[in-house]
Amino acid sequence: MKVTVKANANIALTKYWGKKDAALKTPWNSSTSVTLEGLETTTTVDFDKQYKKDIFILDGKECAEETDEYKEVKEQLDIIRKKAKMNLKAKVVSKNDFPTAAGFASSASGLAALTFGAAKAAGLNLSVEELSKISRMGSGSASRSLIDGFAIWHKGERADGEDSFAEQIAPKEFWPEFRILGCVISKKAKKIKSRAGMAQSVKTSPIFKQWYEHAEIDAQKMVELIKKKDFVALGELAQHNCILMHACAMTTLPPIIYWAPGSLEVMHRVLELQDEGVKCYFTLDGGPQVKIICLEKDVPKIKEEIKKLEGVHEIIECKPGLGPREVKGHLF
Ligand code: PMV
């Protein structure tokens, strides 16, 4: 069956950086996020006997079998095939409406869309919890893109990883004024993928233990701040947690420095705006793009200021978004 779905990226409000179990892909700490309307992947999946091997086309380009992208897709399809007890090969066509692999969480929306679409195309009727666990296998942050609105990905306690999945804290309607301004600093793909980078941090960063212990406390605090809609405390916590994650990445051997000059330019301007009384906070994932956390009423002022910075190519405004959904209109 051929199925087309859309899924959104998410931004971690408190991050995950490091896997505890490499096979089960469970994290050292829980993390929280908001799924974003405006950063979207569309994916069509077709399982059919006409395909002699899996085919993966991303943003118009066919991925060769030896590429990481192809392997990730195949691994995910294998999990779905095993669950559905079938062995048909698939054609997967996917497109992002934002820069791929440069810290705009394309892996999150991509893997969430693929998992949701492939499960449907294989005739499986799985719960969000189950889909979140399967997405986790492809990309940790994808487990959170299964959720509409605000999410927590529980690190879980069980040895089999069955309690490590994302759950909703609040739906997107809960906080419609919440905004993320995605500042595009560089459209180039990043050099160090999160999967390899975080594995190296687990092994070599001398602050890894401090990082994940603190991040677990932050994730639990973040849940309460979201429920209370305490925007200032949320922004301050998100910003601090981001700096701590990057400190852990930077103290890895060899160092992982995702911040580009343009990122620092935005970060400094955000700090100045805070001093001027504007409620805005920065956060960055595994790439140079800076995401500014703010409320709708402050968007015009913040945009006006950030646009003036040389290193910023574009600003993408995002609201809290939906989880994956099936749509009409296949990509092939
Ligand atoms: O989704 P992964 O496994 O590629 O890791 C992404 C990790 C960060 O984006 C840097 C942080 C996070 O929690 O999303």
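The model on your screen is predicted.

**Stop 1: the ligand**

Start with tyrosine 16: an N or O atom of its side chain is 2.5 Å from an oxygen atom of the ligand. Go on to serine 139, where a side-chain N or O atom is 2.7 Å from a ligand oxygen. Then select arginine 144, whose side chain has an N or O atom 2.7 Å from an oxygen of the ligand. How much of the ligand does the protein bury? Taken alone, the ligand exposes 390 Å², and the protein buries 94% of that.

**Stop 2: a positive phi**

Move to lysine 85. Look in the loop between helix 1 (68-84) and strand 7 (90-96). Lysine 85 is not a glycine, yet its phi is positive, at about 50°.

**Stop 3: helices 2 and 3**

Select residues 106-121 for helix 2 and residues 128-138 for helix 3. Their axes come within 9 Å and cross at roughly 130°. Helix 2 is therefore oblique to helix 3. The crossing of helix 2 past helix 3 is right-handed.

**Stop 4: helices 6 and 7**

Next, select residues 208-228, which form helix 6, and residues 231-250, which form helix 7. The two axes come within 10 Å. They cross at roughly 160°. Angles over 145 degrees count as roughly antiparallel, so helix 6 is roughly antiparallel to helix 7. Which hand does the crossing of helix 6 past helix 7 have? It is left-handed.

**Stop 5: a cis peptide bond**

Finish at proline 254. Find this residue in the loop between helix 7 and helix 8 (261-275). Zoom in on the peptide bond from leucine 253 to proline 254. That bond is cis, with omega near -10°.

Key
Residues are numbered from 1 along each chain as its sequence is written. This is a predicted model: local features need pLDDT of at least 70, side-chain atom pairs count only at pLDDT 80 or more; totals for chains, interfaces and linings use all residues. Side-chain values use heavy atoms; hydrogens and water are left out. A polar contact is a pair of N or O atoms within 3.5 Å; within protein, one must be able to donate a hydrogen and the other to accept it, and residues adjacent in sequence count only if both atoms are side-chain atoms. Accessible areas come from the Shrake-Rupley method with a 1.4 Å probe; for residues, only the protein chains shown count as cover. Axes are lines fitted to C-alpha atoms, for helices over the stretch in contact, and angles run from 0 to 180 degrees between N-to-C directions. Helices (H or I, at least four residues) and strands (E, at least two) are DSSP runs, numbered from the N terminus. Angles under 35 degrees count as roughly parallel, over 145 as roughly antiparallel, 65 to 115 as roughly perpendicular and the rest as oblique. A crossing is left-handed if the near helix is turned anticlockwise from the far one by less than a right angle, and right-handed if clockwise.
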